[in-house]
Amino acid sequence: MGSFSFGAGNAAKLARIPLYALGRLATLVIPRTDSWVFGCGAGIGDGPLELWREEQRHGVRAVWLVDNDRDARDAAALGIPTRRKHSMGGFLATARAGVIVVSHGFGDVNPYAVSGAFIVQLWHGIPLKRIGLDSPETVRSRFLPRSALVSRVLARMYRYAQSRISLLPAASHLIRGRLESAFGLPDERIVVSGEPRVDVLSRGTAEERAANARALLQATVGELPERVLLYAPTWRDGEPDPAVPSAADWRALTQMLERHDAALLIRSHPLGAGAYASADVTERVRLLGSDALRDVTPALPAMTGLITDYSSLAYDAGLVPMPVFFLVPDLEAYAERRGFYARFRDVAADDDQRSWDGVVRQIDEMLSDPDVLAARVARAERLSAKVHAFRDGGNTQRVHRAIERRRAAARRKGRR
């Protein structure tokens, strides 16, 4: 997985153009029904699972499309019916669905049969780094990488594909603008409703959320000390991760964790998990990859702090709330290659670190001084408040109502 890149993915898309064309022809003759299909690039979880549960309360007939045994087992444990997305059954389920729900892209379901459906793109995080049409990575190709023609073709394909999205929820009006630009969508396709994926960080009391999160973590990685830190580096588009700790870094981390009776959980991006496979796993440092826990959001209330670089989790931490520490050894290079929607200094408050030494020092100080902890929590809350307009646990219900309104309006328009 770690070798995947946008270039390789885009090359594959170019090669599959005939299949997309055949799928488009099929959807012209296969009638759509009131059934729904769900899919999620991260497994059974995230925003699609929240919306699944909401729609089940409204009696929606639906199926979840999967492409591996793990997701099929996870779905079965929750009583969710599934079909293999690349089977004929998956194709027909997608082609007949009146509503399609995804969180990453059309590859979450059967991508050849999405045309003509009401498509709900829930996305999977507030963008800090540029995405979609705003990022040059989106139009890179392994074939003819310097070709302006190939880039234009890929950009046109991407814009056409995203134009089929019927509804895209935004966390706030600020984020709405980013999504409009990234997906090339008109204003009316994006609704400021909050994101279903973070409702779990607002439902119930803080004590209940923390208890549920801790139970989830301990069922996944075993008994944990009271203080738990999460390290969640983002994916670098197939490039090596420069933040992988050295042997000396691991020793310094472990010593600091032992002083404070704390543990560090490593949540590497699924596409970059190999870089951390050789971590010195102990009772103080443990792996929490997506192979162990598909969706990390419900586990966040059990964390004492977050270490990351460019992950959208930095925006979600303030909903817990918990401090964020930024480790960005490649900040300038990443900014040039990928780019950000805001000045990174406004996100990290000029407190980012280029090495593990600095991060270990910051965490040591935070765990030693309650005033430092309180100040860092307040900073995380201020950052989160800029991008999350809601924290009432009602985002999923608002999305449900928006879908109902849009579909009803489309039916009225069709009868005219």
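## Helix α2 and its two sides

In helix α2 (residues 17–29), the buried residues are Gly23, Ala26 and Thr27. They lie on the same side of α2, because the arc they cover around the axis is only 95°. What these buried residues pack against is α5 (88–96). The face of α2 turned away from the buried side carries Pro18, Leu22, Leu25, Leu28 and Val29, which are exposed.

The structure described here is a predicted model.

## Glutamate 54 in helix α3

Helix α3 spans residues 46–57, and glutamate 54 is found in it. With a relative accessible area of 5%, under the 20% limit, glutamate 54 counts as buried. Beyond its neighbours within four places in sequence, glutamate 54 is in contact with Thr396, Gln397 and His400.

The side chain of glutamate 54 has a polar contact, at 2.9 Å, with the side chain of histidine 58. Glutamate 54 also forms a salt bridge with arginine 57, where the closest N and O atoms are 2.7 Å apart. These two residues, glutamate 54 and arginine 57, are three residues apart in helix α3, so about one helical turn separates them. Glutamate 54 is buried, whereas arginine 57 counts as exposed, at 60% relative accessibility.

## Other salt bridges

Side chains of opposite charge can pair when their charged atoms come close. The count for this model comes to 20 salt bridges. One of them joins arginine 203 to glutamate 50, with the closest N and O atoms 3.0 Å apart. Arginine 203 is in the loop between β7 (190–192) and α8 (206–221), while glutamate 50 is in helix α3, so the pair ties together parts that are 153 residues apart in sequence. Glutamate 50 is buried, with a relative accessible area of 11%, and arginine 203 is partly exposed at 39%.

Lysine 85 and aspartate 67 also meet through their side chains in a salt bridge, at 3.7 Å from N to O. Lysine 85 lies in the loop between β3 (82–84) and α5, and aspartate 67 in the loop between β2 (62–66) and α4 (69–77); the pair therefore ties together parts that are 18 residues apart in sequence. Lysine 85 is buried, with a relative accessible area of 6%, and aspartate 67 is partly exposed, at 42%. Elsewhere, a network of salt bridges links Arg176, Glu180 and Asp187.

## Aromatic residues

Twelve aromatic pairs are found in a search of the whole structure. Among them is the stacked pair of tyrosine 310 and tyrosine 334, with 4.1 Å from centre to centre and 15° between the planes. Tyrosine 310 sits in the loop between β11 (305–308) and α10 (313–316), and tyrosine 334 in helix α11 (residues 331–337), so this pair ties together parts that are 24 residues apart in sequence. Tyrosine 310 and tyrosine 334 are both buried.

The pair of phenylalanine 340 and phenylalanine 344 is tilted, because the ring planes are at 40°, with the centres 5.3 Å apart. One aromatic cluster is formed by Tyr310, Phe326, Tyr334, Phe340 and Phe344. A charged side chain also meets a ring: arginine 398 lies over the face of phenylalanine 390, at 3.9 Å from the ring centre.

How values were computed. Residues are numbered from 1 along each chain as its sequence is written. This is a predicted model: local features need pLDDT of at least 70, side-chain atom pairs count only at pLDDT 80 or more; totals for chains, interfaces and linings use all residues. Side-chain values use heavy atoms; hydrogens and water are left out. Helices (H or I, at least four residues) and strands (E, at least two) are DSSP runs, numbered from the N terminus. Buried means under 20% relative accessible area, exposed over 50%, partly exposed in between (1.4 Å probe, protein chains only). A polar contact is a pair of N or O atoms within 3.5 Å; within protein, one must be able to donate a hydrogen and the other to accept it, and residues adjacent in sequence count only if both atoms are side-chain atoms. Contact means heavy atoms within 4.5 Å. The arc is that of the directions from the helix axis to the C-beta atoms. Rings of Phe, Tyr and Trp (its six-membered ring) pair if their centres lie within 6.5 Å; planes under 30 degrees apart count as stacked, over 60 as edge-to-face and the rest as tilted. A charge sits over a ring if NZ of Lys or CZ of Arg is within 6 Å of the ring centre and within 35 degrees of the ring normal. A salt bridge is a side-chain nitrogen of Lys or Arg within 4 Å of a carboxyl oxygen of Asp or Glu.
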